[in-house]
Amino acid sequence: MSTHPIPTQSPASSCHDCTYGAQVLDDGTTRFRVWAPSARLVELVIDELAFPMHRDQDGNHTLAIEVDPDTRYVYRTDGRQVPDPASRSQPGGVLGASMVVDPRDHVWQCNDWSGAPWHTAVICEVHVGAMGGFDTLCQALPRLAACGYTAIELMPIASFHGDRNWGYDGVLPYAPDASYGSIDSLKAMVDHAHRLGLSVILDVVYNHFGPVGNQLPDYAPEFFSADTHTPWGAAIDFRRPQVARYFIDNALMWINEYRIDGLRLDAVHAIQPQAFLEELGAAIRRTCLPRGRQVWLILENEHNNASLLRGDYNAQWNDDAHNVLHVMLTGEHEGYYADFAKNSTADLAKALAEGFVFQGQHDRRGISRGEPSQDLRPTSFVLFLQNHDQIGNRPLGERLTCLTSEADLRAAMVMVALSPMIPLFFMGEEWGCRTPFYYFTDYEGELAEKVRQGRREEFAHFSGFTDPERRELIPDPNALDTYAASIPRMDENERSWEWTRWLSGLLKLRNRFLSDRLENCCALGCEVLGDKAVYARWRLSDGHYWEIALNLSDKDVSLPRDSATRVIWIESQDAMDALDRGVLQAHTAAVLVRELEGERLLA
């Protein structure tokens, strides 16, 4: 595995010395650097004045001159003007000029924040645009904290083409998209979150660039591997040290300059070789651990590489557990849900006891995926019922409130909220939101039509959308109405307020009695009680036992209890009498503790 030197900084600094881009230096100059190995001549252009840059043997073009902060600039590569691929700001969009930013200009208020332990995380995933931008999200933080969340996760904010996007089509990963607000408003939002005790996670996309605004192939085709392809085209070539440095610096910039507490890496199964992920994790740990920072690293990884979770990465989104719970709640069995439809109850028991369902066996496509995970702690897995993908990648963007019964949904949410895995919820779940969340973009012309038709063709093999007329009901991703309909809206009625009180009660119970006992928690197995019914057990760090029984079936099942267990939550309350008789009613969840002799977990 290759390594690259990590720039150093003082503990009080909020500036990372990035290798590429416009870096304001202590001597008053700004160093501009871009990797353009295929360009014969690269010039820095400011106000139509061109300054030749100096090329080294590796294809780096560098120039240090005095400029003011907020100076607009572009690079001219062999006569063609392009924005800086490491631009920290793009006020005019991804096709416009870049802007010099001095990260030291922002005055931080919460300077004693060093983060929180990973095992205390309770995450709410949000889309910044749908929340109204950085300023409006900042205003929502007290409500989210009061609900019991201890962290927010931002869907990607890197600059993308157009006025709206999920964020996974970003092309300039160093620059927060201008449609969400200013750099100062982002930093102020993070600052306010820290004052409220909330950690901030950022979703970053290192596996591809979006379809509009990525001009790297024109002057740095070596950035990509011509012999390796992904769903988005030629793969990014992480074997090249300049490419690895570009993304490692990006991660360190978010952590140091914006004081982001954690990164969630999108679809890392599309990043090869795996050695880059190991290098990235090690670089972040080397930089942050000596300064006492608690920085979280989270993966999305279809390959279920448990080995990464034994190293520098805290956890992985547990799509296996989500998929089997979704099958049990909805009865859906098409697409990847087919892998979890045949033995769903046993699969859920395996996920709760061991983490991954797929640990090396073949899936429906005949592909062997996954590695053994039973030795990992429960906190190595992020558990959820919904996220942007699992809602927005449905043809009609429905949430589970529209797909299953309220009784079953509440029972499953008890499992998510109170299992020793790390819980994640999608914005609006805290009030039982029924607003859809669609896939949306803002493209024009031929690309817009390709996205529109591609979206509909993607679902043509699903039973509900084989009819072309039925597929016409799938919203156009480029329509403004599609985006507007995705903004979560809370119905001002007693149901919404009661749901908010209910979930808040669950999360506060977790934060009070469970979170601080999870650092060395271990799973003790999960018993199948009947169809769609399981009984999972864990030993907490202090030796107490934590148990959850879940029954999503239409039939009651036997659940013998002894006097050593105490019920701390049952959903619904009407099921308590039956539980005292050793019966777990249908559509019910119960959380129990078995305390050490002579010690009390619940005061």
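In what order do the strands of the open sheet of four strands sit? In this predicted model, the order is β1-β2-β6-β5, and the pairing is antiparallel. The strands at the edges are β1 (21-24) and β5 (54-55); each has a single partner strand, so one side of each is left without a neighbour in the sheet. Strand β1 is joined to strand β2 (residues 30-35) by four bridges, with the two running antiparallel. Within that pair, Gly-21 has Arg-33 in β2 as its bridge partner.

Val-45 finds its bridge partner in Ala-50 of β4. Two residues lie between the strands of this hairpin, and Asp-47 takes a positive phi there, near 50 degrees.

Stepping back to the chain as a whole, the tally comes to 14 helices and 28 strands. The C-alpha atoms fill a box of roughly 85 × 60 × 50 Å along the principal axes.

Next comes the barrel. It is closed, has eight strands and runs β10-β11-β14-β17-β18-β19-β20-β21, with parallel pairing. On average, neighbouring strands of this sheet are turned by 30 degrees against each other, ignoring direction. Strand β10 (residues 123-126) and strand β21 (residues 422-426) run parallel and are joined by three bridges. In this pairing, Cys-124 stands opposite Phe-425 in β21. Helix α1 (residues 134-147) packs on the sheet, where it touches β10 and β11 (151-154). The direction of α1 makes about 145 degrees with that of β11.

As for the inside of the protein, the largest nonpolar core has 158 residues, and the members that touch the most others are Phe-223, Trp-254 and Leu-263. Helix α4 (residues 241-257) gives the most to this core, with ten residues. Apart from this core lies another, of 14 residues, including Trp-118, Ala-151, Ile-201 and Ile-422.

Which residues does Phe-223 touch, not counting those up to four places away in sequence? The list is Trp-35, Phe-209, Leu-216, Ala-235, Ile-236, Asp-237, Val-243, Tyr-246 and Phe-247.

Is α4 mostly covered or mostly open? It is mostly covered, with 16 of its 17 residues buried. After α4 comes Arg-259, which has a positive phi near 55 degrees.

Technical notes:
Residues are numbered from 1 along each chain as its sequence is written. This is a predicted model: local features need pLDDT of at least 70, side-chain atom pairs count only at pLDDT 80 or more; totals for chains, interfaces and linings use all residues. Side-chain values use heavy atoms; hydrogens and water are left out. A nonpolar core is a set of buried Ala, Val, Leu, Ile, Met, Phe, Trp, Tyr and Cys residues joined through side-chain atoms within 4.5 Å. Buried means under 20% relative accessible area, exposed over 50%, partly exposed in between (1.4 Å probe, protein chains only). Contact means heavy atoms within 4.5 Å. Two strands pair if DSSP finds at least two bridges between them. Axes are lines fitted to C-alpha atoms, for helices over the stretch in contact, and angles run from 0 to 180 degrees between N-to-C directions.
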